[in-house]
Amino acid sequence: MSNRAERIRQALIGGRNQTWHGTETLRRGLFLGAALVVTGVIMHYVDLVLIGAPLLISGVLATLAAPSGEPRVRVTPPPRTAESTDAASVVVEIEPGENAELLAIRLPTAGVGGPGPVHLLPASVRRVAAPLRRSAWGEGVDVRVDHLLAGPDAMIVHGPMVGIDMSRTVLPPLDKLPVGPLPPRPAGLVGAHRSRRPGDGVELRDIRPFQPGDRLRRIDWRVSLRSTNGELYVRERHATADADILLALDTRADVVPELAEWSVSLPGATVRPGGSLDTAVRAAVSLAASYLRLGDRVGLVDLGRPQLGLRPGVGRRQLLRLRNQIVVCASAAGWSPAPVLTEHQVPQGAVVVVLSPFLDDAIVQAAVHAVRRGSRVLAINVLPEALIADRSDRWGEAVRRMLLLEHGARLTALRDRGIFVMSWTDGASIAELLRRIRR
(Lines give C-alpha, C1' and ligand atoms only; values in the text may rest on other atoms or scores of the structure.)
Protein backbone atom coordinates (compact mmCIF):
# COMPACT_ATOMS: atom_id res chain seq x y z
CA MET A 1 0.00 0.00 0.00
CA SER A 2 2.85 2.39 0.73
CA ASN A 3 4.42 1.85 -2.72
CA ARG A 4 1.06 2.40 -4.39
CA ALA A 5 0.46 5.60 -2.41
CA GLU A 6 3.92 6.84 -3.35
CA ARG A 7 3.26 6.19 -7.04
CA ILE A 8 -0.02 8.09 -6.82
CA ARG A 9 1.72 10.96 -5.08
CA GLN A 10 4.45 11.14 -7.71
CA ALA A 11 1.84 11.06 -10.47
CA LEU A 12 -0.07 13.93 -8.90
CA ILE A 13 2.89 16.20 -8.19
CA GLY A 14 4.68 15.54 -11.47
CA GLY A 15 4.00 16.08 -15.17
CA ARG A 16 1.41 18.52 -16.40
CA ASN A 17 -0.10 19.10 -12.96
CA GLN A 18 2.70 21.61 -12.40
CA THR A 19 1.50 23.73 -15.34
CA TRP A 20 -1.81 25.27 -16.37
CA HIS A 21 -3.73 22.73 -18.43
CA GLY A 22 -7.23 22.22 -19.73
CA THR A 23 -9.63 19.89 -18.03
CA GLU A 24 -11.77 17.17 -19.59
CA THR A 25 -14.69 19.60 -19.44
CA LEU A 26 -12.84 22.05 -21.69
CA ARG A 27 -11.89 19.39 -24.22
CA ARG A 28 -15.34 17.87 -24.31
CA GLY A 29 -16.98 21.29 -24.55
CA LEU A 30 -14.82 22.33 -27.53
CA PHE A 31 -15.23 19.00 -29.32
CA LEU A 32 -18.96 18.62 -28.68
CA GLY A 33 -19.72 22.28 -29.37
CA ALA A 34 -17.83 22.28 -32.66
CA ALA A 35 -19.47 18.98 -33.68
CA LEU A 36 -22.98 20.27 -32.93
CA VAL A 37 -22.41 23.57 -34.74
CA VAL A 38 -20.96 21.91 -37.85
CA THR A 39 -23.67 19.26 -37.90
CA GLY A 40 -26.40 21.88 -37.45
CA VAL A 41 -25.02 24.06 -40.29
CA ILE A 42 -24.66 21.15 -42.70
CA MET A 43 -28.07 19.64 -41.93
CA HIS A 44 -29.75 23.04 -41.44
CA TYR A 45 -30.80 22.21 -37.86
CA VAL A 46 -30.94 25.47 -35.89
CA ASP A 47 -31.54 23.60 -32.64
CA LEU A 48 -28.14 21.88 -32.85
CA VAL A 49 -26.43 25.20 -33.55
CA LEU A 50 -28.14 26.83 -30.54
CA ILE A 51 -27.04 23.95 -28.29
CA GLY A 52 -23.47 23.71 -29.52
CA ALA A 53 -22.67 27.44 -29.84
CA PRO A 54 -22.63 28.20 -26.08
CA LEU A 55 -20.36 25.20 -25.44
CA LEU A 56 -17.96 26.26 -28.18
CA ILE A 57 -17.95 29.93 -27.19
CA SER A 58 -17.39 29.23 -23.48
CA GLY A 59 -14.47 26.94 -24.34
CA VAL A 60 -12.90 29.51 -26.65
CA LEU A 61 -13.31 32.31 -24.10
CA ALA A 62 -11.77 30.13 -21.36
CA THR A 63 -8.81 29.40 -23.64
CA LEU A 64 -8.32 33.08 -24.53
CA ALA A 65 -8.51 34.14 -20.84
CA ALA A 66 -6.31 31.30 -19.62
CA PRO A 67 -4.44 32.02 -16.36
CA SER A 68 -0.69 32.49 -16.49
CA GLY A 69 2.22 32.60 -14.13
CA GLU A 70 3.56 30.08 -11.65
CA PRO A 71 1.31 29.74 -8.58
CA ARG A 72 3.07 29.34 -5.24
CA VAL A 73 1.73 28.05 -1.96
CA ARG A 74 3.95 28.49 1.11
CA VAL A 75 3.12 26.87 4.42
CA THR A 76 4.44 27.96 7.79
CA PRO A 77 4.67 24.63 9.64
CA PRO A 78 3.39 24.31 13.21
CA PRO A 79 5.67 23.27 16.11
CA ARG A 80 6.64 19.61 16.03
CA THR A 81 5.78 19.12 19.71
CA ALA A 82 2.70 20.49 21.45
CA GLU A 83 0.48 20.05 24.47
CA SER A 84 -3.09 18.85 24.12
CA THR A 85 -4.32 22.24 25.37
CA ASP A 86 -2.23 24.31 22.95
CA ALA A 87 -4.16 26.39 20.40
CA ALA A 88 -1.73 26.31 17.48
CA SER A 89 -2.44 27.26 13.87
CA VAL A 90 -0.96 26.80 10.43
CA VAL A 91 -0.52 29.77 8.10
CA VAL A 92 -0.74 29.34 4.30
CA GLU A 93 0.35 32.09 1.90
CA ILE A 94 -0.93 31.87 -1.69
CA GLU A 95 0.30 33.48 -4.90
CA PRO A 96 -2.33 32.33 -7.44
CA GLY A 97 -0.93 33.90 -10.60
CA GLU A 98 -2.89 36.00 -13.14
CA ASN A 99 -6.56 35.42 -14.06
CA ALA A 100 -7.03 32.68 -11.44
CA GLU A 101 -10.55 32.70 -9.99
CA LEU A 102 -10.94 29.68 -7.68
CA LEU A 103 -8.79 27.97 -5.08
CA ALA A 104 -9.51 24.49 -3.73
CA ILE A 105 -7.29 23.80 -0.73
CA ARG A 106 -7.22 21.19 2.03
CA LEU A 107 -7.05 22.80 5.45
CA PRO A 108 -7.35 21.37 8.96
CA THR A 109 -10.51 22.12 10.89
CA ALA A 110 -10.88 22.21 14.66
CA GLY A 111 -12.60 19.08 15.91
CA VAL A 112 -11.86 17.10 12.72
CA GLY A 113 -8.94 14.69 12.80
CA GLY A 114 -6.30 14.55 10.09
CA PRO A 115 -5.46 17.13 7.44
CA GLY A 116 -9.11 18.17 7.19
CA PRO A 117 -11.59 18.68 4.33
CA VAL A 118 -11.14 20.59 1.06
CA HIS A 119 -12.28 24.22 1.14
CA LEU A 120 -13.33 26.20 -1.94
CA LEU A 121 -12.12 29.81 -1.76
CA PRO A 122 -11.80 32.72 -4.20
CA ALA A 123 -8.33 33.07 -5.68
CA SER A 124 -8.15 36.61 -4.32
CA VAL A 125 -7.33 35.15 -0.90
CA ARG A 126 -3.63 35.62 -0.23
CA ARG A 127 -3.30 34.33 3.31
CA VAL A 128 -5.20 31.69 5.27
CA ALA A 129 -4.78 30.70 8.93
CA ALA A 130 -6.30 27.39 10.02
CA PRO A 131 -6.56 26.25 13.67
CA LEU A 132 -4.92 23.07 14.90
CA ARG A 133 -6.56 21.38 17.85
CA ARG A 134 -6.11 17.68 18.56
CA SER A 135 -7.24 16.42 21.95
CA ALA A 136 -5.82 12.91 21.50
CA TRP A 137 -2.15 12.61 22.38
CA GLY A 138 0.35 10.89 20.12
CA GLU A 139 1.94 11.48 16.74
CA GLY A 140 -0.25 12.23 13.73
CA VAL A 141 -0.47 14.18 10.50
CA ASP A 142 -2.28 17.44 11.17
CA VAL A 143 -1.40 19.40 8.02
CA ARG A 144 -1.20 18.44 4.34
CA VAL A 145 -1.99 21.37 2.13
CA ASP A 146 -3.30 19.78 -1.09
CA HIS A 147 -4.42 22.50 -3.47
CA LEU A 148 -5.77 23.22 -6.95
CA LEU A 149 -6.15 26.57 -8.72
CA ALA A 150 -8.70 27.15 -11.49
CA GLY A 151 -9.31 29.82 -14.11
CA PRO A 152 -12.65 31.11 -15.46
CA ASP A 153 -15.42 28.51 -15.31
CA ALA A 154 -12.82 26.07 -13.86
CA MET A 155 -11.93 24.85 -17.36
CA ILE A 156 -8.20 25.46 -17.02
CA VAL A 157 -6.54 24.37 -13.78
CA HIS A 158 -3.18 24.13 -12.10
CA GLY A 159 -2.91 20.95 -10.07
CA PRO A 160 -4.03 19.05 -8.15
CA MET A 161 -0.84 19.36 -6.09
CA VAL A 162 -0.30 17.03 -3.14
CA GLY A 163 1.20 18.81 -0.15
CA ILE A 164 3.83 17.56 2.25
CA ASP A 165 2.68 15.69 5.35
CA MET A 166 3.38 17.81 8.42
CA SER A 167 3.05 15.79 11.60
CA ARG A 168 2.88 16.92 15.20
CA THR A 169 3.53 15.06 18.42
CA VAL A 170 0.93 15.90 21.05
CA LEU A 171 2.40 14.96 24.41
CA PRO A 172 0.35 12.97 26.93
CA PRO A 173 -1.43 15.26 29.42
CA LEU A 174 -0.21 15.70 32.98
CA ASP A 175 -2.42 15.37 36.05
CA LYS A 176 -1.28 16.81 39.35
CA LEU A 177 -1.05 13.97 41.87
CA PRO A 178 -0.53 13.92 45.63
CA VAL A 179 2.71 11.95 45.88
CA GLY A 180 3.76 9.81 48.80
CA PRO A 181 7.19 9.08 50.24
CA LEU A 182 9.47 6.75 48.32
CA PRO A 183 12.17 4.63 49.97
CA PRO A 184 15.38 6.65 49.51
CA ARG A 185 18.19 5.17 47.47
CA PRO A 186 21.21 4.38 49.70
CA ALA A 187 23.61 6.11 47.30
CA GLY A 188 21.63 9.37 47.24
CA LEU A 189 22.99 12.40 49.09
CA VAL A 190 20.23 14.95 48.74
CA GLY A 191 16.54 14.77 47.99
CA ALA A 192 13.04 15.00 49.43
CA HIS A 193 12.73 11.66 51.26
CA ARG A 194 13.81 10.89 54.81
CA SER A 195 16.82 8.62 55.14
CA ARG A 196 17.75 6.41 58.09
CA ARG A 197 21.15 8.05 58.57
CA PRO A 198 21.59 11.35 60.45
CA GLY A 199 22.21 14.55 58.52
CA ASP A 200 20.90 18.00 57.65
CA GLY A 201 17.26 17.16 57.31
CA VAL A 202 14.04 18.52 58.78
CA GLU A 203 12.64 15.63 60.84
CA LEU A 204 14.04 15.23 64.37
CA ARG A 205 15.94 12.00 64.96
CA ASP A 206 17.42 12.30 68.49
CA ILE A 207 18.77 14.67 71.12
CA ARG A 208 22.25 13.67 72.30
CA PRO A 209 25.25 15.19 74.11
CA PHE A 210 27.54 17.50 72.17
CA GLN A 211 30.45 15.77 70.42
CA PRO A 212 33.56 17.17 68.72
CA GLY A 213 32.67 18.06 65.12
CA ASP A 214 29.05 19.06 65.84
CA ARG A 215 27.97 22.46 64.57
CA LEU A 216 27.08 25.14 67.07
CA ARG A 217 23.79 25.88 65.35
CA ARG A 218 22.60 22.37 66.22
CA ILE A 219 22.80 23.03 69.97
CA ASP A 220 19.44 22.82 71.73
CA TRP A 221 19.83 25.57 74.32
CA ARG A 222 16.60 24.78 76.19
CA VAL A 223 17.64 21.19 76.88
CA SER A 224 21.22 22.24 77.64
CA LEU A 225 20.15 24.85 80.25
CA ARG A 226 17.84 22.36 81.97
CA SER A 227 20.55 19.69 82.18
CA THR A 228 21.96 19.03 85.67
CA ASN A 229 25.45 18.00 84.55
CA GLY A 230 26.13 21.21 82.64
CA GLU A 231 26.67 19.48 79.28
CA LEU A 232 25.56 20.80 75.93
CA TYR A 233 22.98 18.86 73.89
CA VAL A 234 22.43 18.95 70.14
CA ARG A 235 19.46 18.10 67.93
CA GLU A 236 20.19 15.28 65.50
CA ARG A 237 17.98 15.12 62.43
CA HIS A 238 17.33 12.60 59.69
CA ALA A 239 19.16 13.18 56.45
CA THR A 240 17.15 13.51 53.26
CA ALA A 241 17.90 11.48 50.16
CA ASP A 242 16.52 11.09 46.68
CA ALA A 243 15.01 7.93 45.23
CA ASP A 244 14.66 6.05 41.97
CA ILE A 245 11.29 5.18 40.47
CA LEU A 246 11.08 2.99 37.37
CA LEU A 247 7.88 3.06 35.33
CA ALA A 248 7.36 -0.33 33.67
CA LEU A 249 4.79 0.23 30.91
CA ASP A 250 2.99 -2.77 29.44
CA THR A 251 2.38 -1.86 25.79
CA ARG A 252 1.54 -5.40 24.68
CA ALA A 253 -2.23 -4.99 25.00
CA ASP A 254 -4.67 -2.12 24.66
CA VAL A 255 -8.23 -3.03 25.64
CA VAL A 256 -11.50 -1.15 26.14
CA PRO A 257 -14.58 -2.03 28.22
CA GLU A 258 -16.38 -3.59 25.21
CA LEU A 259 -15.06 -7.12 24.77
CA ALA A 260 -16.34 -7.17 21.19
CA GLU A 261 -13.87 -4.39 20.32
CA TRP A 262 -10.77 -6.19 21.60
CA SER A 263 -10.08 -7.88 18.28
CA VAL A 264 -11.00 -4.84 16.15
CA SER A 265 -8.22 -2.44 15.19
CA LEU A 266 -8.89 1.29 15.27
CA PRO A 267 -8.14 2.81 11.84
CA GLY A 268 -5.60 5.60 11.87
CA ALA A 269 -4.75 5.30 15.57
CA THR A 270 -2.42 3.19 17.69
CA VAL A 271 -3.98 3.93 21.08
CA ARG A 272 -7.68 3.64 21.86
CA PRO A 273 -9.03 6.72 23.68
CA GLY A 274 -10.04 5.64 27.16
CA GLY A 275 -8.43 2.23 26.76
CA SER A 276 -5.99 0.51 29.07
CA LEU A 277 -2.88 1.81 27.30
CA ASP A 278 -4.23 5.36 27.30
CA THR A 279 -4.88 5.11 31.04
CA ALA A 280 -1.43 3.62 31.67
CA VAL A 281 0.32 6.37 29.74
CA ARG A 282 -1.58 9.14 31.51
CA ALA A 283 -0.78 7.56 34.87
CA ALA A 284 2.90 7.13 33.97
CA VAL A 285 3.50 10.72 32.88
CA SER A 286 1.58 12.08 35.89
CA LEU A 287 3.65 10.00 38.29
CA ALA A 288 6.85 11.01 36.51
CA ALA A 289 5.99 14.71 36.71
CA SER A 290 5.16 14.48 40.42
CA TYR A 291 8.37 12.75 41.46
CA LEU A 292 10.67 14.65 39.13
CA ARG A 293 9.31 17.78 40.78
CA LEU A 294 10.64 16.41 44.08
CA GLY A 295 14.10 15.87 42.61
CA ASP A 296 13.85 12.08 42.30
CA ARG A 297 15.16 10.06 39.39
CA VAL A 298 12.54 8.56 37.07
CA GLY A 299 13.12 6.04 34.29
CA LEU A 300 10.99 4.14 31.78
CA VAL A 301 10.87 0.51 30.67
CA ASP A 302 8.74 -0.74 27.77
CA LEU A 303 7.94 -4.30 28.80
CA GLY A 304 7.05 -5.29 25.24
CA ARG A 305 10.05 -3.62 23.53
CA PRO A 306 12.87 -3.11 26.03
CA GLN A 307 15.06 -1.28 23.49
CA LEU A 308 12.69 1.69 23.76
CA GLY A 309 13.35 2.26 27.46
CA LEU A 310 14.78 5.39 29.04
CA ARG A 311 17.43 5.48 31.77
CA PRO A 312 16.53 7.24 35.04
CA GLY A 313 17.18 10.96 35.13
CA VAL A 314 16.13 14.14 36.87
CA GLY A 315 14.74 17.53 35.97
CA ARG A 316 12.33 19.01 33.46
CA ARG A 317 14.43 17.80 30.55
CA GLN A 318 13.96 14.22 31.74
CA LEU A 319 10.19 14.76 31.88
CA LEU A 320 10.14 16.04 28.29
CA ARG A 321 12.28 13.12 27.11
CA LEU A 322 10.06 10.65 28.96
CA ARG A 323 6.83 12.04 27.47
CA ASN A 324 8.27 11.93 23.97
CA GLN A 325 9.60 8.41 24.51
CA ILE A 326 6.22 7.21 25.75
CA VAL A 327 4.68 8.44 22.48
CA VAL A 328 7.30 6.39 20.62
CA CYS A 329 6.45 3.34 22.75
CA ALA A 330 2.74 3.77 22.10
CA SER A 331 3.24 4.08 18.32
CA ALA A 332 5.21 0.81 18.34
CA ALA A 333 2.79 -0.95 20.70
CA GLY A 334 1.76 -4.47 19.86
CA TRP A 335 1.59 -7.94 21.25
CA SER A 336 4.77 -9.73 22.28
CA PRO A 337 4.85 -13.18 23.90
CA ALA A 338 6.71 -12.27 27.09
CA PRO A 339 7.46 -9.02 28.94
CA VAL A 340 11.11 -8.17 29.55
CA LEU A 341 12.17 -6.76 32.94
CA THR A 342 15.74 -7.79 33.75
CA GLU A 343 17.97 -6.84 36.66
CA HIS A 344 20.07 -4.65 34.37
CA GLN A 345 17.05 -2.42 33.72
CA VAL A 346 16.25 -1.83 37.41
CA PRO A 347 18.62 0.36 39.49
CA GLN A 348 19.46 -0.94 42.93
CA GLY A 349 16.95 0.24 45.52
CA ALA A 350 14.49 1.56 42.95
CA VAL A 351 10.70 1.33 43.23
CA VAL A 352 9.25 -0.43 40.18
CA VAL A 353 5.75 0.66 39.14
CA VAL A 354 4.19 -1.87 36.74
CA LEU A 355 1.31 -0.40 34.75
CA SER A 356 -0.59 -3.18 33.02
CA PRO A 357 -4.08 -4.67 32.55
CA PHE A 358 -2.59 -8.02 33.74
CA LEU A 359 -4.23 -10.16 31.08
CA ASP A 360 -1.66 -12.97 31.09
CA ASP A 361 0.51 -14.86 33.56
CA ALA A 362 3.77 -13.66 32.00
CA ILE A 363 3.40 -10.12 33.37
CA VAL A 364 2.76 -11.56 36.85
CA GLN A 365 5.93 -13.65 36.63
CA ALA A 366 7.97 -10.60 35.55
CA ALA A 367 6.75 -8.63 38.57
CA VAL A 368 7.42 -11.53 40.95
CA HIS A 369 10.97 -11.96 39.61
CA ALA A 370 11.60 -8.26 40.24
CA VAL A 371 10.53 -8.74 43.88
CA ARG A 372 12.83 -11.74 44.26
CA ARG A 373 15.75 -9.62 43.06
CA GLY A 374 15.11 -7.22 45.96
CA SER A 375 13.11 -4.47 44.27
CA ARG A 376 10.01 -2.90 45.73
CA VAL A 377 7.20 -3.38 43.21
CA LEU A 378 3.91 -1.53 42.91
CA ALA A 379 1.34 -2.96 40.48
CA ILE A 380 -1.17 -0.54 38.97
CA ASN A 381 -4.10 -2.27 37.32
CA VAL A 382 -5.37 -0.31 34.28
CA LEU A 383 -7.99 -2.79 33.10
CA PRO A 384 -11.34 -0.99 32.62
CA GLU A 385 -13.52 -1.46 35.68
CA ALA A 386 -16.77 -2.53 33.99
CA LEU A 387 -16.25 -5.00 31.15
CA ILE A 388 -19.15 -5.29 28.71
CA ALA A 389 -19.87 -8.72 27.25
CA ASP A 390 -20.28 -9.32 23.53
CA ARG A 391 -24.05 -9.57 23.11
CA SER A 392 -23.76 -10.97 19.59
CA ASP A 393 -22.11 -14.11 20.99
CA ARG A 394 -24.08 -16.51 23.17
CA TRP A 395 -20.90 -17.20 25.16
CA GLY A 396 -20.21 -13.48 25.67
CA GLU A 397 -21.24 -13.35 29.34
CA ALA A 398 -19.35 -16.54 30.14
CA VAL A 399 -16.22 -15.13 28.53
CA ARG A 400 -16.55 -11.93 30.55
CA ARG A 401 -16.88 -13.85 33.83
CA MET A 402 -13.93 -16.08 32.98
CA LEU A 403 -11.75 -13.05 32.21
CA LEU A 404 -12.67 -11.40 35.50
CA LEU A 405 -11.98 -14.58 37.48
CA GLU A 406 -8.57 -15.07 35.86
CA HIS A 407 -7.75 -11.40 36.32
CA GLY A 408 -8.70 -11.51 40.00
CA ALA A 409 -6.54 -14.61 40.49
CA ARG A 410 -3.53 -12.82 39.01
CA LEU A 411 -3.98 -9.81 41.29
CA THR A 412 -4.31 -12.12 44.29
CA ALA A 413 -1.10 -13.88 43.29
CA LEU A 414 0.67 -10.52 43.19
CA ARG A 415 -0.55 -9.61 46.67
CA ASP A 416 0.48 -13.00 48.07
CA ARG A 417 4.05 -12.34 46.93
CA GLY A 418 4.33 -8.97 48.65
CA ILE A 419 3.40 -6.76 45.71
CA PHE A 420 1.10 -3.83 46.45
CA VAL A 421 -1.78 -3.67 43.96
CA MET A 422 -4.07 -0.75 43.19
CA SER A 423 -6.52 0.12 40.42
CA TRP A 424 -5.89 3.42 38.73
CA THR A 425 -8.84 5.79 38.83
CA ASP A 426 -7.60 9.31 39.48
CA GLY A 427 -4.38 8.53 41.31
CA ALA A 428 -5.56 10.02 44.61
CA SER A 429 -4.75 6.84 46.55
CA ILE A 430 -1.18 6.55 45.27
CA ALA A 431 0.24 8.60 48.17
CA GLU A 432 -1.31 6.41 50.87
CA LEU A 433 -0.21 3.24 49.11
CA LEU A 434 3.39 4.49 48.88
CA ARG A 435 3.32 5.27 52.61
CA ARG A 436 2.35 1.67 53.22
CA ILE A 437 5.24 0.53 51.03
CA ARG A 438 7.57 2.81 53.00
CA ARG A 439 6.48 1.25 56.31
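Student: Which strand does β5 (residues 102–106) pair with, and over how many bridges?

Tutor: Strands of a sheet pair through backbone hydrogen bonds, either parallel or antiparallel. Here β5 pairs with β9 (residues 147–150) in the antiparallel sense, over four bridges. Two strands count as paired if DSSP finds at least two bridges between them, and strands (E, at least two residues) and helices (H or I, at least four) are DSSP runs numbered from the N terminus. Within this pair, Ile105 has His147 of β9 as its bridge partner. This is a predicted model, in which local features need pLDDT of at least 70 and side-chain atom pairs count only at pLDDT 80 or more, while totals for chains, interfaces and linings use all residues. Residues are numbered from 1 along each chain as its sequence is written, and side-chain values use heavy atoms, with hydrogens and water left out.

Student: What is the strand order of the open sheet?

Tutor: The five strands run β1-β10-β9-β5-β6, with antiparallel pairing. Because β1 (20–22) and β6 (118–122) each have a single partner strand, they stand at the edges, and one side of each is left without a neighbour in the sheet.

Student: Which residues touch the most other members of the largest nonpolar core?

Tutor: A nonpolar core is a set of buried Ala, Val, Leu, Ile, Met, Phe, Trp, Tyr and Cys residues joined through side-chain atoms within 4.5 Å; buried means under 20% relative accessible area (1.4 Å probe, protein chains only). In this 36-residue core they are Leu247, Leu322, Val353, Leu355 and Ile380. The largest share, eleven residues, comes from α5.

How values were computed
Buried < 20%, exposed > 50% of the residue type's maximum accessible area, 1.4 Å probe, protein only.
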